[in-house]
Amino acid sequence: MQAEGIDVVSFGAGEPDFNTPEPICVAAIDAINSGFTKYTPSAGIPELRKAVSEKLEREDGLKYTPEQVIVSCGAKHSVFNTMQVLIDPGDEVILIAPYWMTYADQIRLAGGVPVIVRASSESGFIPEYDHLREAISEKTKAILVNSPSNPSGAVLPRETMKHIAALALRFGLWIIADEIYEHLLYDGEKHLSVGSLGAEVLDRTITINGFSKTYSMTGWRLGYAAAPLPIAKAMSNFQDQVTSNPTSFVQKGGVAALKLPPTSIEAMRAEFEARRDLIHGLLTAIPGVKMQKPKGAFYALPDISAYLGKDIKSDAELATYLLDEAKVATVPGSVFEGSGHIRLSYAISRADIEKGVARIAEALKRIA
Ligand code: PLP
């Protein structure tokens with residue numbers, strides 16, 4: 001529709017609308033100009049693996065050596081590597097719904113079976129302990145935690161993390177921790193890496209992260225996993241046969257990113273917090289729309305089930321209606337196993353947030 005010149009407000013994209021910080025770009029350009037354009041070791045250049053290992057200790061309290069860090073073409077790639085090396089056919093992996101849909105597909109691609117534990121919007125999308133416990137079977141291989149979460153923006157409290165860690169130790173499960181949104185936290189929340197809960201927990205944890213969201217580097221394709229050594233080695237071997245190294249000069253950009261002072265991303269984080277407040281206020285002012293304030297990431301996942309009924313039966317139909325009638329793009333919650341909701345990314349300007357939500361309010365009025 002945009003290509004046809006139609007003015008669509010898009011809440012669809014999961015990427016920051018900021019430029020990559022200049023020192024990162026300069027480092028990559030310098031690398032190209034100095035001929036750093038050849039193969040590198042498949043698991044990444046030693047300089048970057050060391051910088052990641054130091055970052056994980058400094059910021060997250062995680063002790064992984066550089067050999068335990070496998071640099072990849074994005075966190076998505078690292079999740080894929082993880083599933084491929086961990087999962088045997090029929091193995092189950094517990095996902096807390098609503099979840100990023102890629103997880104389920106990547107589990108299936110590895111021959112595994114996603115087992116879903118639902119977390120309600122009333123609970124702020126925090127899963128209940130009993131539900132997690134009941135989901136464990138003899139076939140359970142791993143449990144995945146994504147905090148802050150895409151699509152809900154939920155941040156798992158320390159208690160929940162401790163429960164998950166205790167279950168992993170008790171039943172010999174792996175914990176796959178996708179921490180890609182760790183720096184996008186609001187209301188003074190502090191990030192908790194599940195692997196920091198103790199050496200035994202770290203021995204069962206694969207920590208995944210990347211540069212896309214924190215440094216606005218979505219197009220660069222750079223991420224990493226840190227894992228117990230046998231898993232890291234398996235991932236390195238696997239990656240060696242699939243993609244080889246992530247792009248050489250992009251890795252130099254990654255080294256520069258990890259040298260930036262934490263203050264360099266504060267302006268972006270603060271802007272997201274202001275947008276979070278704005279979109280939460282606007283959405284909850286619409287009669288029947290319910291949501292709690294998300295504590296992290298850049299997504300709102302309001303409950304719009306009050307508008308589902310005779311004419312529009314599902315969140316998918318509602319998203320289509322909003323696109324056709326209001327020229328607003330959202331993502332249906334059912335994509336994330338969160339039916340009755342729609343996801344709005346607020347990685348767009350405040351003016352567009354105001355315009356888009358006003359259009360949604362108008363369109364919903366017509367079907368109330
Ligand atoms: N993990 C989550 C939860 C995401 O939402 C995304 C992107 O939307 C990714 C990973 C992908 O990150 P990357 O760009 O590093 O592959």
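Start by selecting Asp187, in the loop between strand 6 (174-178) and helix 7 (199-202). Keep in mind that this is a predicted model. Check the backbone of Asp187: phi is near 60 degrees, a positive value in a residue other than glycine.

Next, move to the loop between strand 5 (140-146) and helix 6 (158-171), where Pro148 is found. Which residue does a cis peptide bond join to Pro148? Select Ser147: the cis bond runs from Ser147 to Pro148, with omega at about -5 degrees.

Select Asn150 and Pro151 together. A cis peptide bond joins this pair too, and here omega is about 20 degrees. Keep Asn150 selected, as this residue is among the closest to the ligand.

**The ligand**

Now centre the view on the ligand. How many residues surround the ligand? There are 13. The closest are Ala75, Asn150, Asp178, Ser212 and Arg221. Color the shell by class.

Where does the ligand sit? Its place is the second largest pocket.

- Ala75: show the backbone. A polar backbone atom of Ala75 is 2.7 Å from an oxygen atom of the ligand.
- Asp178: show the side chain. One of its polar atoms lies 2.6 Å from a nitrogen atom of the ligand.
- A polar side-chain atom of Tyr181 lies 2.7 Å from an oxygen atom of the ligand.

**The whole chain**

Zoom out and switch to cartoon. The secondary structure comes to 12 helices and 12 strands. The radius of gyration of the chain is 21 Å, close to the 21 Å that the globule rule gives for 368 residues, so the chain is as compact as a globular protein of that length.

Finally, orient the view along the principal axes. Taken that way, the C-alpha atoms fill a box of roughly 60 × 55 × 35 Å.

Note on methods: Residues are numbered from 1 along each chain as its sequence is written. This is a predicted model: local features need pLDDT of at least 70, side-chain atom pairs count only at pLDDT 80 or more; totals for chains, interfaces and linings use all residues. Side-chain values use heavy atoms; hydrogens and water are left out. A residue is near a molecule or strand if one of its heavy atoms lies within 4 Å of it. A polar contact is a pair of N or O atoms within 3.5 Å; within protein, one must be able to donate a hydrogen and the other to accept it, and residues adjacent in sequence count only if both atoms are side-chain atoms. On a 1 Å grid over the protein atoms alone, a cavity is a set of points where a 1.4 Å probe fits but cannot get out, and a pocket is an open set with protein on both sides within 12 Å along at least five of seven lines; lining residues have an atom within 4 Å of a point. A molecule sits in a cavity or pocket if more than half of its atoms lie within 2 Å of its grid points. Helices (H or I, at least four residues) and strands (E, at least two) are DSSP runs, numbered from the N terminus. The radius of gyration is taken over C-alpha atoms; the globule rule is 2.2 Å times the number of residues to the power 0.38.
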